[in-house]
Amino acid sequence: MHKLILALFLYQFPAFSQRDLPFTKGESLEYKIHYGPIDAGKATLKVQQEEGNYWFVAEGKSIGMFNLFFKVRDYYESIIDTNCTCPIYFTRNVREGNYTKRENVFFNDALNRAETTRDTIGLPDNYQDILSVFYYLRSQNLDKFQPGDTVPIQVYLDDEFMSSNLSYLGRDTLKTKFGYAPCTMWAPQLEVGRVFDEKNGMKIWVSDDANKIPLRIETPVLVGSIKMDLVKFSNLKHPLHIHP
């Protein structure tokens with residue numbers, strides 16, 4: 001489930017400045033995860049700030065009956081230097097059924113390498129980890145994109161940097177529990193195999209406003225499909241653009 005909840009996208013854009021960031025300290029987003037008609041889990045994304053750097057925290061867990069046969073307890077942290085687009089430190093501690101994974105990664109820009117729990121690997125250009133990429137995407141100017149435009153993706157996960165593509169699908173209006181929300185739609189090309197059924201199956205709806213928060217993520221998996229919807233938010237930097 002971690003590659004669904006958090007495996008999104010990185011693409012190569014100029015660095016952002018702190019004044020342009022669409023999020024702020026204290027922002028909290030809560031999502032409900034559905035496996036077909038079943039309420040399968042929930043996830044939270046939070047923004048904190050420490051010594052001038054942003055600190056992102058993500059947690060995901062299974063709930064209800066789904067918790068009985070596939071227990072999920074995922075925890076992620078990413079620390080970002082606000083003077084650049086790259087993460088400084090990333091940690092992951094996940095349990096998904098019988099699968100467990102713990103890793104800590106220090107991104108050593110001075111030596112151009114990522115020092116992981118098990119390995120040392122070279123850093124590509126404009127690197128991100130699987131959590132920081134959410135916020136990196138939100139910091140970009142998407143106004144010039146046209147439907148069909150495709151941009152490269154690179155993101156760290158499991159001792160490697162994954163390369164793929166992100167396609168812009170256009171604008172849409174999404175019905176949410178808060179009302180109707182204008183949004184942009186994206187389709188990342190994903191790694192096929194252990195979790196995903198189609199390499200282009202995932203779709204992401206992002207609020208088409210100054211916040212640029214993910215409103216929905218939907219994807220087919222090897223059996224069925226998974227959908228993640230925003231159900232609660234607090235301390236947004238800007239009002240969420242919603243209409244009845």
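Modeller: Let's start with secondary structure: helices (H or I, at least four residues) and strands (E, at least two) are DSSP runs, numbered from the N terminus. This is a predicted model, where local features need pLDDT of at least 70 and side-chain atom pairs count only at pLDDT 80 or more, while totals for chains, interfaces and linings use all residues. Residues are numbered from 1 along each chain as its sequence is written, and side-chain values use heavy atoms, with hydrogens and water left out.

Colleague: Thanks! How many helices and strands does the protein chain have?

Modeller: There are 3 helices and 14 strands in the protein chain. G170, for example, belongs to strand β10 (residues 160–176), and S132 to helix α3 (residues 132–138).

Colleague: Is G170 buried or exposed?

Modeller: Buried means under 20% relative accessible area, exposed over 50%, and partly exposed in between (1.4 Å probe, protein chains only). G170 is buried because its relative accessible area is 6%. S132, at 1%, is buried too. Over the protein chain, 51% of the 244 residues count as buried.

Colleague: And which residues does G170 touch, beyond those up to four places away in sequence?

Modeller: A contact means heavy atoms within 4.5 Å. With that sequence limit, G170 touches P147, C183, T184 and M185. T184 is 14 residues from G170 in sequence, yet their C-alpha atoms are 5.8 Å apart. For S132, leaving aside neighbours within four places, the contacts are F56, S78, I80 and P87.

Colleague: How many salt bridges are there?

Modeller: The rule asks for a side-chain nitrogen of Lys or Arg within 4 Å of a carboxyl oxygen of Asp or Glu. That gives 10 salt bridges. In one of them, R92 pairs with D158, with the closest N and O atoms 2.2 Å apart. R92 sits in strand β5 (residues 87–96) and D158 in the loop between β9 (150–157) and β10, so this pair ties together parts 66 residues apart in sequence.

Colleague: What about R118?

Modeller: R118 meets E103 in a salt bridge (3.4 Å, N to O). R118 is in the loop between β7 (113–115) and β8 (120–122), and E103 in strand β6 (residues 99–108), so to speak 15 residues apart. E103 is buried at 0% relative accessible area, whereas R118 is partly exposed at 43%.
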